[in-house]
Amino acid sequence: MAEAVCCRSCGKELSAAYLQAYPGAVLCSRRRCHYRDLVRRDPEVAALLAQLPRRYRRARLRDFSGGGVYPLRAALAGEGSVFLCGTQGIGKTHLAAALVNSLLLELATDKGYDVLWRRSTDLLLELQETFGGGGTRPVLERFRRVGLLVLDDFGAEKLSEWSVAAIYTILAERGDQLRPTIVTSNLNLDQIDAFEPRIASRLAEYATLVLPGVDRRLEGGRRKNHGD
């Protein structure tokens, strides 16, 4: 009797008819299994399909010294959220991408990867562009309901009463439904609290990491200019 062949992603046994139709198959027909397998075989392509910024598709948690980043991953995997803050250029976006990359196995679905990455300014522009045509609600629902939302560089935009309300609505809904969110900002909680206490209160519930250090982009430019 021939040895059973199982999907190397989910472990489901592949039927004889399936193997006859697809000789040498190692995955079942579920598209989720193919997306999960891609994470293992070619993580950079998986990151591309998850629409991560090109610069950060190779970002990994091992890029960061110390063990402080791993509790952040555990928080996200446990339906929690993460707030990364600190001055510009110190690696907040890089770390956010590394966290997303570390979770792509869990985020794989039959339609791709259940993640949305948006700069805060782009998210608000996307909402504003649909506002006049009455299409705001579907876009807003997308941000509310996606499996993992990354809101990058919050506070860099000029915040109006409307934009603050929109972001609060998204964060509040996601928090109430235990949908993981990553927010990065140059502002700390006290600074955010000064102009919008409701958003600061929501972010205070997140696993928070204040990244220390100097602007890595400027420091890298200085080394290049000095031949270091």
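Is Leu-49 buried, partly exposed or exposed, and what is its relative accessible area? Keep that in mind as you visit the views below.

**A few notes before you look.** This is a predicted model, in which local features need pLDDT of at least 70 and side-chain atom pairs count only at pLDDT 80 or more, while totals for chains, interfaces and linings use all residues. Residues are numbered from 1 along each chain as its sequence is written, and side-chain values use heavy atoms, with hydrogens and water left out.

**View 1. The whole chain, with its helices and strands.** The protein chain has twelve helices and seven strands; these are DSSP runs numbered from the N terminus, with helices (H or I) of at least four residues and strands (E) of at least two. Of its 228 residues, 44% are buried. Buried means under 20% relative accessible area, exposed means over 50%, and partly exposed lies in between (1.4 Å probe, protein chains only). The accessible surface of the chain comes to about 12,800 Å², and 50% of that belongs to carbon and sulfur atoms. Such areas come from the Shrake-Rupley method with a 1.4 Å probe, and for residues only the protein chains shown count as cover. Among contacts (heavy atoms within 4.5 Å) between residues at least 6 apart in sequence, 71% join residues at least 24 apart.

**View 2. Leu-49 and a nonpolar surface patch.** Here is the reply to our opening: Leu-49 is partly exposed, with a relative accessible area of 41%. Leu-49 sits in helix H3, which covers residues 43-49. Together with Val-45 and Leu-48, Leu-49 makes a nonpolar surface patch of about 230 Å². Patches are made of residues with over 30% relative accessible area and no salt bridge; like charges are joined within 9 Å, and nonpolar side chains (Val, Leu, Ile, Met, Phe, Trp, Tyr) within 5 Å.

**View 3. Inside the largest nonpolar core.** In soluble globular proteins, nonpolar side chains tend to be buried together. A nonpolar core is a set of buried Ala, Val, Leu, Ile, Met, Phe, Trp, Tyr and Cys residues joined through side-chain atoms within 4.5 Å. The largest one here has 34 residues, and those with the most contacts inside it are Leu-95, Val-100, Tyr-113 and Ile-182. Elements that give it two or more residues include helix H2 (31-41), strand S1 (82-85) and helix H5 (92-102). H5 provides the largest share, six residues. Another core, of 24 residues, lies apart from it and has Leu-140, Val-146, Val-183 and Ala-200 among its members.

**View 4. Leu-95 and its partners.** Which residues is Leu-95 in contact with, leaving aside its neighbours within four places in sequence? They are Leu-61, Phe-64, Val-69, Leu-72, Leu-84, Leu-209 and Leu-211.

**View 5. The buried residues of H2.** Cys-33, Tyr-35, Arg-36, Asp-37, Leu-38 and Val-39 are buried in H2. The buried residues of this helix pack against H3, H6, strand S2 (108-109) and strand S3 (112-113).

**View 6. A salt bridge between Glu-44 and Arg-58.** A salt bridge is a side-chain nitrogen of Lys or Arg within 4 Å of a carboxyl oxygen of Asp or Glu, and by this rule the count comes to eleven. In the bridge between Glu-44 and Arg-58, the closest N and O atoms are 2.9 Å apart. Glu-44 is in helix H3 and Arg-58 in the loop between H3 and H4, 14 residues apart. Glu-44 is partly exposed at 32% relative accessible area, whereas Arg-58 is exposed at 62%.

View 7. Glu-126 and Arg-142 meet in a salt bridge (3.8 Å, N to O). Glu-126 lies in helix H7 (residues 120-131) and Arg-142 in helix H8 (residues 136-145), so the pair ties together parts 16 residues apart in sequence. Arg-144 and Glu-141 also form a salt bridge, with the closest N and O atoms 2.5 Å apart. They are three residues apart in helix H8, and therefore separated by about one helical turn. Arg-144 counts as buried at 14% relative accessibility, and Glu-141 counts as buried at 19%.

**View 8. The end of the chain, residues 217-228.** pLDDT is the predictor's confidence in each residue, from 0 to 100. The chain averages a pLDDT of 89, but pLDDT stays under 50 over residues 217-228. Where pLDDT is low, the predicted coordinates should not be read in detail.
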